Amino acid sequence: MRIRTLTLAAASGAALLAAGVLPANASGATTRPTSAQEGSVSAADLLAKVTSCSQISSGKYKTDDETSATIPVCGKNGAVFWKADMDIDCDGQRTSKCNENADPWYQDDTAFHQSDGKPLKADSLPYIVVPSSSSIWKYSSYGIKGGGVVAVIYNNKVEYAVVGDTGPTKIIGEASYATAKALGIDPDPATGGADSGVTYILFKNSQVSPIESHSAAVTLGDKLAKQFLANN
């Protein structure tokens with residue numbers, strides 16, 4: 001998980017240009033969604049249940065290192081949620097898309113691991129990042145755990161992901177390369193992401209096993225999303 005700042009982003013862009021390497025979106029190509037709506041519950045139905053916030057965090061989070069703290073964690077029956085941006089996490093197993101050359105903030109590990117003990121693969125597994133426990137909010141106290149199911153909503157589309165990594169204690173709003181790509185968000189870890197408009201609904205006391213099975217996340221996520229609609 002990286003802390004993204006405008007200064008670092010500009011510096012990395014300059015370094016890429018100096019090296020003669022262009023980021024993935026520099027060609028002018030338009031990034032499009034790569035998968036259909038997941039599950040049977042619509043984005044509109046889920047968003048209708050999170051129009052107001054009952055704040056459960058003791059404070060609020062920043063979306064990036066240079067922004068103000070404006071994002072609360074909110075509580076609902078059976079879930080917690082927040083509305084933020086999406087920075088791109090490319091941490092975990094080193095691949096052709098996620099490595100030191102592609103991501104200035106790359107780390108070769110994730111907080112939670114596959115069933116074989118290896119870090120997750122950010123470019124193939126949809127996962128999100130939760131803030132590390134702090135005086136602002138402790139995710140484990142609200143039934144959130146590694147492998148927990150998350151409905152990520154953007155541009156009227158739902159993507160099911162798992163809780164896969166932890167990040168800084170004061171920043172919120174980050175998901176894996178694969179999550180972004182599936183939602184039609186530019187997944188480039190240095191220059192991509194979405195500035196706003198992303199809703200993250202984390203279902204309490206859920207866990208996908210094995211954590212690396214996206215199909216299992218979709219199946220369980222759809223079931224929990226239906227329960228969420230019925231209970232809120």
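1. Let's start with Val-129: its bridge partner in β5 is Asp-165. That belongs to a set of five bridges joining β3 to strand β5 (residues 157-167), and the two run parallel. Strands count as paired here if DSSP finds at least two bridges between them. Strands themselves are DSSP runs (E, at least two residues), helices are H or I runs of at least four, and both are numbered from the N terminus.

2. A caveat before going further: this is a predicted model, where local features need pLDDT of at least 70 and side-chain atom pairs count only at pLDDT 80 or more, while totals for chains, interfaces and linings use all residues. Residues are numbered from 1 along each chain as its sequence is written, and side-chain values use heavy atoms, with hydrogens and water left out.

3. Strand β3 (residues 127-131) is mostly covered, with five of its five residues buried. "Buried" means under 20% relative accessible area, exposed is over 50%, and partly exposed is in between (1.4 Å probe, protein chains only). Tyr-127, Val-129 and Pro-131 point one way from the strand, Ile-128 and Val-130 the other.

4. Zooming out, the protein has four helices and seven strands, in the order α-α-β-β-β-β-β-β-α-β-α from the N terminus. Buried residues are 51% of the 232. Of the contacts (heavy atoms within 4.5 Å) between residues at least 6 apart in sequence, 76% join residues at least 24 apart.

5. Have a look at Thr-63, in the loop between α2 (43-47) and β1 (74-76). Its relative accessible area is 14%, so Thr-63 is buried. Leaving out residues up to four places away in sequence, Thr-63 touches Ile-71, Ala-84, Asp-85, Asp-87, Ile-171 and Ile-172. The C-alpha atoms of Thr-63 and Gly-173 are 5.9 Å apart, though 110 residues separate them along the chain.

6. Now the rings. Phe, Tyr and Trp (its six-membered ring) pair if their centres lie within 6.5 Å; planes under 30 degrees apart are stacked, over 60 edge-to-face, and the rest tilted. That gives four aromatic pairs. Trp-137 and Tyr-142 have centres 6.2 Å apart and planes at 35°, so this pair is tilted. Phe-203 and Phe-228 are edge-to-face, at 6.1 Å and 70°. Phe-203 sits in strand β7 (residues 194-203) and Phe-228 in helix α4 (residues 214-231), so the pair ties together parts 25 residues apart in sequence.

7. Finally, Trp-82, Trp-137, Tyr-142 and Tyr-200 form one aromatic cluster. Within it, Trp-137 is buried at 2% relative accessible area, whereas Tyr-142 is partly exposed at 30%.
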